[in-house]
Amino acid sequence: LASALLLRGRSLCNFALDGDSKEVKARGAFEDAEADLMRCAGMMGGAPPGKLAKVHMSVGYLHYCKAGCTSNAEGSSMREVITGPEVAKESYLEAERWYRKSLDSHIEHGGEAHEDSIRMMCNLGLVHNSMARLPLGNCLASLAEAKKWYE
């Protein structure tokens, strides 16, 4: 069941990125994805680090996707997901938190030089690079943090 929830949660994130459809609104897809991924995380609490890392990465991806989903399309439910730069920043910070958990699990499982660990470091760099684009006056600090992860 946990594997199915993980797969469904990831799929719903990708679906939400495509925007609203007649059947499902992007906001609803994100809400369903979060419910599935959090349920999966609860079920996988004692799993080996390698498996736990994938769950944590998926929850981070959910928050990263939500943060980046600002849409000005008239009638789009995306406006209900991210209502302003402060909300986007909160979602990016949540993505960072989960990506760090994933990185810790990857390092525990395969070491710092393992490709999955490096991928998570790049994801952390992407989070900070994206945060630098928010009009909140923290551009230089976010870019410095992104650079740290890319090195």
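Predicted model: local features only at pLDDT ≥ 70, side-chain atom pairs only at ≥ 80, totals over all residues.
Colleague: How many helices and strands does the protein chain have, and what counts as one?

Modeller: The protein chain has seven helices and zero strands. Helices (H or I, at least four residues) and strands (E, at least two) are DSSP runs, numbered from the N terminus. The order from the N terminus is α-α-α-α-α-α-α.

Colleague: Why does the radius of gyration of the protein chain agree with that of a compact globule?

Modeller: The rule, over C-alpha atoms, is 2.2 Å times the number of residues to the power 0.38. For 151 residues a compact globule would come near 15 Å, and the protein chain has 16 Å, so the two agree. Along the principal axes, the C-alpha atoms fill a box of roughly 45 × 45 × 20 Å.

Colleague: Why is Cys-65 called buried?

Modeller: Buried means under 20% relative accessible area, exposed means over 50%, and partly exposed lies in between (1.4 Å probe, protein chains only). Cys-65 has 5% relative accessibility and therefore counts as buried. Cys-65 is found in helix α3. Leaving aside neighbours within four places in sequence, Cys-65 is in contact with Leu-17 and Phe-30, where contact means heavy atoms within 4.5 Å.

Colleague: Where does Cys-69 lie, and is it buried or exposed?

Modeller: Cys-69 lies in the loop between α3 and α4 (78–81). Its relative accessible area is 5%, so Cys-69 is buried. Cys-69 and Ala-26 are 43 residues apart in sequence, with their C-alpha atoms 9.4 Å apart in space.

Colleague: What makes the span of α5 agree with its number of residues?

Modeller: The expected span of a helix is 1.5 Å times one less than its number of residues. The 26 residues of α5 should therefore span 38 Å, and its end C-alpha atoms are 36 Å apart, which agrees. Just after α5, Gly-111 takes a positive phi of about 95°.

Colleague: Why is His-106 called buried, and what is it in contact with?

Modeller: His-106 has a relative accessible area of 9%, so it is buried. His-106 lies in helix α5. Apart from neighbours within four places in sequence, His-106 is in contact with Ala-53, Gly-111, Asp-116, Ser-117 and Met-120. Other buried residues of α5 include Tyr-92, Trp-98 and Leu-103. The cover over the buried residues of α5 includes α2 (26–43), α3, α6 and α7.

Colleague: How do you know that the length of α6 is close to expectation?

Modeller: Helix α6 (residues 115–131) has 17 residues and reaches 24 Å from its first C-alpha to its last, close to the 24 Å expected. Its buried residues include Ser-117, Met-120, Leu-124 and Met-131. The buried residues of α6 pack against α3 (49–68), α5 (85–110) and α7 (139–150).

Colleague: What share of the protein chain is buried?

Modeller: Buried residues make up 43% of the 151 residues. Among contacts between residues at least 6 apart in sequence, 66% join residues at least 24 apart.

Technical notes: Residues numbered from 1 in each chain as written. Heavy atoms only, no water.
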